[in-house]
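Good morning, colleagues. I would ask you to look at the structure on the screen while I speak about its aromatic residues and one of its pockets.

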Amino acid sequence: MIESHELKNRDRYLKKLIGFQDTEPVKVITGIRRCGKSSLLKLMIRHLRETGIQAEQIVEMNFESHDFRNMTSDEVYHYVKERDVTGKRMYLFFDELQRIDAWEDAVNSFRVDLDCDIYITGSNAYLLSSEYSTYLSGRCVEIKMLPLSFQEFLDFHNFEVRETSSALGGTRRQAFDKNGERYELREVFDAYMRFGGMPGIADIGLDQEKALSLLDGIYSTVVVRDILEREKRRGQRQITDSALLRKIVLFLADNIGSSVSVSSIGNTLMNEGLLEDGKRKGTPSTHTVQAYIGALLESYFFYEIKRFDIKGKEYLRTLGKYYIVDIGLRNYLLGFRNRDGGHAIENVVYFELLRRGCDVAIGKIDNQEVDFIATAADDKLYIQVTESMQSEEVRKRELAPLQKIRDNYEKMVLSLEPGLDASYDGIKSLNLIDWLLDGERRQ
């Protein structure tokens, strides 16, 4: 476990938790394994201690630990009840609580029997499934945690961004490491695109072999604990084939940002002899694939994005797309080589928009596509993502769908090489790296 003095700040999430401190809802932090949920609990505990809460008022249980992992929900209840301090509010922290059967009973009892503030983490969306909702009937708030943003990656790896003078008299931004060595921001961004944003990478340094080992451990744990074991606990036998699961993972990882259907995945796997045509153990193969994809979405390994018809103003049932939660995991699965850079940076933009609290959809206008429609409160943003805006052909292709949209919301193209023009017909052309850094500052 990380000791508190080594904790790196995750201010975006900590502020949310502090905002809900001492309110009735149970605070539920969700996200893929090893994205920093346990450390966020530690940060919250540190905040409580710094604001005068006594150590005896805090109960912390990590159900991955051998001390707690085989407890029943009754034992969890008695463990906490024995530590209750009469007349004082208790702060209860439960890490990976989904490992305990009927944990909802204990949590509900704490809410009824104790004066307490409750914080839970979980690595599977099953934690917030209908059974849980029924128990707490809306009395919980979810804080969705993701791996590191590019700005957090810089912070965790001890890079500082500074303005420096350029030879032409202007200024540009560069990254400096803790030894004062300077790097172009693009170099550091390339490292982010290679290693990804899992916080554990910062502990081992940007070393490919060590990174592969760390990412392999994350993948294996997600598959075993959050998918295969979960199915056993739920008494569902559909997802038992780890080899087939890996094939589906590889397919989705290789096709991030591309329109895919469950049947197209099924057909590819059938052609490779991995799924029997028609029925597989009494279940149609598309249902099998759907179940496996559902499990990957529930474990936060992949996220699905729907299409929205801009003119018809409705969501479409047709092909959606999938993005992988961490680009480093994709490189671990498919190999560290430059591939499909456009879809890879799209992947980064998608998760950055989620971090910024947006609802995100793919836009369809006539027979053309807008990469992202990002909606937050009453605001809306249309975004195209491309590696370079240098060529006229690419510019025409990227701008055309945006030019068809007749409303007055902001439209922009994000790229690593925006060219000299800052806008085209009111459509902004921004450097992706600047957008990642500047947007973070405005939060």
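Tyr350 has a relative accessibility of 4%, and it therefore counts as buried. Please keep in mind that this is a predicted model. Tyr350 forms an aromatic pair with Tyr323; the ring centres are 4.9 Å apart and the planes are at 25°, a stacked arrangement. Tyr323 is likewise classed as buried, because its relative accessibility is 0%. Where in the chain do the two partners, Tyr323 and Tyr350, lie? Tyr323 belongs to strand E12, residues 314-324, and Tyr350 to helix H14, residues 341-355. The pair thus links distant parts of the chain, 27 residues apart.

Let me turn to the aromatic pairs in general. A pair of aromatic rings is described by the distance of the centres and the angle of the planes. In this model the count comes to 20 aromatic pairs. One of them joins Tyr219 and Tyr332: the centres are 6.0 Å apart and the planes stand at 50°, so this pair is tilted. Tyr219 is in helix H9, residues 208-234, and Tyr332 is in helix H13, residues 327-334; the pair therefore ties together parts that are 113 residues apart in sequence. Are Tyr219 and Tyr332 buried or exposed? Both are buried.

Aromatic residues also gather in a group. Phe63, Phe68, Tyr77, Tyr79, Phe94 and Phe110 make up one aromatic cluster.

Charged side chains are found over rings as well. Lys27 is placed over the face of Tyr119, 5.1 Å from the ring centre. In the case of Phe176, the charged end of Arg162 lies over the ring, at 4.1 Å from its centre.

I come now to the second largest pocket, which brings us back to Tyr350. The volume of this pocket is about 640 Å³. Its lining consists of 25 residues, and those nearest the centre are Lys144, Tyr303, Tyr350, Leu354 and Cys358. Which elements give two or more residues to this lining? They are H1, strand E5 (140-144), strand E11 (302-309), H14, strand E13 (359-365) and strand E14 (368-376). The most comes from E11, with five residues.

Finally, a word on helix H1, which spans residues 11-20. Its buried residues are Arg12, Tyr13, Leu14 and Leu17. Just after H1, Asp22 adopts a positive phi of about 65°.

Methods
Residues numbered from 1 in each chain as written. Predicted model: local features only at pLDDT ≥ 70, side-chain atom pairs only at ≥ 80, totals over all residues. Heavy atoms only, no water. Phe/Tyr/Trp six-rings, centres within 6.5 Å; stacked < 30°, edge-to-face > 60°. Helix = DSSP H or I, 4+ residues; strand = E, 2+ residues; numbered from the N terminus. Buried < 20%, exposed > 50% of the residue type's maximum accessible area, 1.4 Å probe, protein only. Lys NZ or Arg CZ within 6 Å of the ring centre and 35° of its normal. 1 Å grid on protein atoms, 1.4 Å probe; cavity = no way out; pocket = protein on both sides within 12 Å on 5 of 7 lines; lining within 4 Å. Points joined across faces, edges and corners; volume = space filled by probe spheres on them.
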